[in-house]
Amino acid sequence: MQRGYPPAVAAPALVINPAKPLRLSPTVALRDESFGALAYNFTTRRLSFLKSRLLVDVVRGLESVHDAGSALTAAGVSEGDRATYLRALDGRARSGMLTPR
């Protein structure tokens, strides 16, 4: 370990499986914004931000494809960005915004 740098921490394992179908929870509404979208969960009263239009496209596309990985492909997420978008989907699943379909 070098001085001045904290030890590397492994990223937590994903709770979602990209090969499984997901959907926007029926209790969540999306409102498009210039930066992406606002997501409001009417059950938990929690407000979340989708900070890119591409992420909004992925989330909206979940209903019309077989699995989360296909939603990434359909929205045009590059191979190099897939892990970032999977982590974003995972965070939304952990918060209850996305649910298994």
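User: Where is Lys20 found in this chain?

Analyst: In this predicted model, Lys20 is found in the segment before strand S1. Setting aside residues within four places in sequence, Lys20 is in contact with His66, Asp67 and Ala68.

User: How far apart are Lys20 and Gly69, in sequence and in space?

Analyst: Lys20 and Gly69 are 49 residues apart in sequence, and their C-alpha atoms are 8.2 Å apart in space. For the protein chain, among contacts between residues at least 6 apart in sequence, 53% join residues at least 24 apart.

User: Which pattern does the protein chain follow along the sequence?

Analyst: The chain has three helices and five strands. Read along the sequence, they follow the pattern β-β-β-β-α-α-α-β.

User: Is Ser25 buried or exposed?

Analyst: Ser25 has a relative accessible area of 8%, and because buried means under 20%, Ser25 is buried. Ser25 lies in the loop between S1 (22-24) and S2. Not counting residues up to four places away in sequence, Ser25 touches Gly96, Met97, Leu98 and Thr99. For the chain of 101 residues, 35% count as buried.

User: Which residues of H1 and H3 meet?

Analyst: From H1 come Leu54, Leu55, Val58 and Val59, which meet Tyr85, Ala88, Leu89 and Arg92 of H3. By type, the residues of this contact divide into seven nonpolar, no polar and one charged.

User: How many residues does the largest nonpolar core have, and which have the most contacts inside it?

Analyst: In soluble globular proteins, nonpolar side chains tend to be buried together. In this model, the largest nonpolar core has 24 residues, and those with the most contacts inside it are Leu50, Leu55, Val59, Leu72, Leu89 and Leu98. At least two residues of this core are supplied by each of S2 (28-33), S3 (36-41), H1, H2 (68-75) and H3. H3 gives the largest share, five residues.

User: With which residues is Val59 in contact?

Analyst: Leaving aside neighbours within four places in sequence, Val59 is in contact with Leu24, Leu30, Leu50, Leu89, Met97 and Leu98. Val59 is also one of the H1 residues in the contact with H3.

Terms used: Residues numbered from 1 in each chain as written. Predicted model: local features only at pLDDT ≥ 70, side-chain atom pairs only at ≥ 80, totals over all residues. Heavy atoms only, no water. Contact = heavy atoms within 4.5 Å. Helix = DSSP H or I, 4+ residues; strand = E, 2+ residues; numbered from the N terminus. Nonpolar A, V, L, I, M, F, W, Y, C, P; charged D, E, K, R; others polar. Core = buried A, V, L, I, M, F, W, Y, C linked by side-chain atoms within 4.5 Å. Buried < 20%, exposed > 50% of the residue type's maximum accessible area, 1.4 Å probe, protein only.
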